[in-house]
Structure formats: C-alpha cells, structure tokens
Amino acid sequence: MELLTRAIKGTQDLLPSQSHENQYIESSLLEIAGNFGFREIRTPVFEHTELFTRCVGDTTDVVQKEMYTFEDKGGRSITLRPEGTAGAVRAFLEHGLFNEPLPQKLCYLTSCYRYEKPQAGRLREFHQFGVECLGTASPAADAEIISLGDHIFDFLGVENLSLEINSIGCLDCRKDYHRALKEYFKAKKGELCPTCIERLERNPMRILDCKSPVCSKIAADAPVVLDYICEPCKEHFEQVEGYLDAMNITYKVNPRIVRGLDYYTRTVFEFVSNEIGAQGTVLGGGRYDGLVAELGGQSTTSLGFAMGLERLLLLMHAQGIPFPSQKGCDVYIIPVGENAYKKAAAMAFELRSSGLSAQLDVAGRSVKAQMKFADKIGAAYTVVLGEDELNGGTLKLKYMKTGEITQTPLESFAEDFMEISIRRSTVELEEMLNGSEIDDKKF
Ligand code: HAM
C-alpha cells in the first residue's frame, strides 16, 4: 500500500498551502529577468541521452551516476533533464535563434532530475530557475549575469549569501593544468575511488568535485586552476572583477570552484549560504564558450546560471522572509433554497468576472454549516440569500472580522460590494498606518 500513498524518495508535493510561495518567487524571477532582457523558453522534460552526455560530460557525476535514463518504446535512449542549459542550447540551434539579434537572452523555470542521495536541499526531482545568454564574449556580460543573481536575492530580501567567483580558463590553458593535476593525483592513485581512477586519465578536473569524502580530502590540496590560466583568460577575469567592483557587488575569489559540469570555461561563480546545511549552493553558473560548437553550431560564446528553487525557499524560510499572503475568499454567498442558489450563482459569476474571489456552497449544506465553512476558509465577507432577500431586494453583507452588517441592494450587489470592500481596505490600511483602532461607523 505504501507504493500508492507515498511519493517517490527524493520527490516532494507542493501543497495548496505552500503554492503561493512558489508562485510569488516564480513570477518575481521572470519579471526581474525580463527587466534584464531575458525571455522565457520552455523545453521538453526529456531529451536524447546523447545531448546530456555531450553537454554535461561523460566523466561527470551527473552523467555517470545520476541520470534518469530509459529506452522508450521506439528503442531511443531518453533522459529526464538533469539541468536546463543543454535543452536551451539545443533549442537555440534547432530553431535558428542564432539568426536573431545576439546575445539571445533566454530564461526558464524547469523541473530537473538527478539520482542523488536525498537530504535537506538535495532532491531527485528539483526545480531550477535558469538564464542563458548566448552570443557574447564580453566580460561585461559575465558581470551582468552575476549582477542579475545578486539583484534577485536583493529583491527577495535574502541576506548573508557569499558570492564566490573563479576562472577555470579556456581549453588551451587547461592543458597545463590537467598535466599538473595528473601528476598530483597519480601520487595518490591508490586512495582514489574507482570512478576517479578512471577520471585521472580522461578528465582529472572531475576528481575535484567527487562527492567521496576520501577523494574530496585529497582534492583539497590539489593545484588550483587560477595559477595556470593564460594571459587572455586572466585579463578576462580581471575585467569581470573590475565590473563587479564598479557595481559594488561584494565577492570573493575562490580558486577551488570548478563546478560539476564539463561545459564551463573561464568565469564560474556560486552564491553560497551557510544557513541551509551541507547543500548551501543556491545558485551556480558560468561561461560555456565551447558548448554551442560542441553541439555542431558556429562558435557562440555564452554563459548563464541556474538557481535551485527548493534551496532558495529553504533559505527564505530560514531567514523568516515574509511572503505575500495567499489570495483568500473575498465573499462567501450563502444561498437558501433552489431559487436563491440560481441567483447566487449568477452573483458569484459577476463578482468573479470583476476579479474578485467569490465562493458559494456546492455541497448542499445548511446555513449554519455554510457559515462555519466560510469562517474556516477565512472569507472576508458573507452574505445570506434566501426567499426574504429575493423578495425584499436587499442583502445583508457581514464583515466577518467585526460582525458589522452593511445593507446593499440585491440588483447592484456586485458593483456595491467592490466599492464597500475597497473602502474598508483603504480605511483599515490608513488606520493601521496611524496605529489606531478601526471605526466601524465609517462603513
Ligand atoms: P548546477 O550547479 O548543477 O548547475 O545546479 C544549479 C543549482 O541547482 C544548484 O546551485 C542548486 O541550487 C540546484 N540543484 C542542483 N542539484 C540539486 C538537487 N539534487 N536538489 C536540489 N537542488 C539542486 C546547473 O544546473 C547549470 N545548468 C547552471 C548553468 C546554467 N550554468 C550555465 N547556465
């Protein structure tokens, strides 16, 4: 039975009591990114496995250990996306977005899938907000992308994140670095995990982000890439730093950041928190100047980042950041009898068409039970509609917080209700600002 009533390990439901938080975050992210010129792209949840093997790299943990890969009924190898960059770049090529003005600025909200060991902030299904800026080599773009991350946290009120940046150089200068790494790790080969022994020849940089405690301990003293980068890469990095300084963005150079995906070149960066446990990287990204060409396109220098929405939420909760409250019920209409129900349904329709939240009983409950229900769902107002009201043409609108009753004509109820509720909210707001009690006589 557990299989029927328990979500799969590493996945989680988003309940109605929580969804407004995600909606707030997601709409804010799209709006902020929109102000920076990023437009939303949506790509499929699954792609050809080859896309991720080529983009992310076949010696990464993601490809070697974490992908949800299966054969479909047509015999194709399919993978649930472990991240959003590969799909965005594939779509950029497939739809000829490179023919449109560059840089192309794309953003996305996606679910991602990685078979990792679940823990706080680490899930098997998680969600990312990502941005990709394709077609610019300028260090100003690196700084702009980083400033977008900074701006997002600032807007949401998130504090105490440390921005760490590094340069991992280009493919040319990395050759020397790989040589140095091989030399260092060869001396400790016997202690490395089997996956890293294999990585030693093919891609020694990947040993640097192996999750095995023994490998990470050895990696902690390995040579750092920043000491090996070529002059143009060094200059690029210095320019990025210069732009960040000019924008007053605080950062620290962490020469140990290498990122866990193979496509990165030059600038890499992370926003890290120490308030949400071991999985503290809330946002990570960098340049991937070789990726478009790797997929068969013209060389298109690009960069981007993604942030984990679950980690962002954890952090916002840890810091007690308030969210806008969930839209409640403006008015609950309580019909008594069939005739009244039909009129109530028409009134609800009219109120909803004006953008108000109006509910009425669809469970055939008594007036008392409906009143109780209205109270439970936090309806701001209730109005009873029975034979007397239908015949007399006047309704009694009850403000639930104080019990105050306002009489309104039945025929113009929707219009009058809007006016009454706006007037009350305005007065309440004013009185709250003045710190005084609410005077019901004003209604
Ligand atoms: P990433 O560092 O693998 O980069 O993931 C980005 C963010 O996704 C992480 O910083 C973290 O917040 C979140 N995340 C990753 N794995 C998990 C997980 N198992 N559970 C919960 N959250 C997780 C990328 O995915 C790149 N595509 C980012 C990028 C875009 N680089 C350039 N453009």
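Okay, let's start in a loop: Pro-103 sits between helix 5 (85–94) and strand 5 (104–113). When I say helix or strand, I mean DSSP runs counted from the N terminus, H or I over at least four residues for helices and E over at least two for strands.

Quick housekeeping. This is a predicted model, so local features need pLDDT of at least 70 and side-chain atom pairs count only at pLDDT 80 or more, while totals for chains, interfaces and linings use all residues. Residues are numbered from 1 along each chain as its sequence is written, and side-chain values use heavy atoms, with hydrogens and water left out.

Asn-160 lies between helix 6 and strand 7 (162–167), and Asn-160 has a positive phi, near 60°, despite not being glycine.

Now the ligand. How many residues surround the ligand? There are 27, and the closest are Glu-83, Glu-116, Glu-132, Arg-259 and Tyr-264. To count as near, a residue needs a heavy atom within 4 Å. By class, that shell has 11 nonpolar, 9 polar and 7 charged residues. Here nonpolar is Ala, Val, Leu, Ile, Met, Phe, Trp, Tyr, Cys and Pro, charged is Asp, Glu, Lys and Arg, and polar is the others, Gly among them.

Then the backbone contacts. Val-282 has a polar backbone atom 3.0 Å from an oxygen of the ligand. For Phe-305, a polar backbone atom is 3.3 Å from a ligand nitrogen. And at Gly-308, a backbone N or O atom is 3.1 Å from a ligand oxygen. On its own the ligand has 650 Å² of accessible area, and the protein covers 96% of that; the areas are Shrake-Rupley, with a 1.4 Å probe.

Which elements give two or more residues to the shell? Those are strand 6 (125–134), strand 10 (281–287) and strand 11 (302–308). Strand 10 gives the most, with 6 residues.

Last topic, helix packing. Two packed helices are described by the angle and the distance between their axes. The axes are lines fitted to C-alpha atoms over the stretch in contact, with angles from 0 to 180 degrees between N-to-C directions.

Helix 2 (residues 16–35) and helix 6 (residues 139–156) have axes that come within 10 Å and cross at roughly 135°, so the two are oblique to each other. As for the cut-offs, under 35 degrees is roughly parallel, over 145 roughly antiparallel, 65 to 115 roughly perpendicular, and the rest oblique.

Helix 2 also meets helix 12 (residues 309–318), where the axes come within 11 Å and cross at roughly 110°. That makes helix 2 roughly perpendicular to helix 12.

Finally, helix 13 (residues 338–353) and helix 16 (residues 413–434) have axes that come within 9 Å and cross at roughly 50°, which makes helix 13 oblique to helix 16. That's it from me.

Conventions. A polar contact is a pair of N or O atoms within 3.5 Å; within protein, one must be able to donate a hydrogen and the other to accept it, and residues adjacent in sequence count only if both atoms are side-chain atoms.
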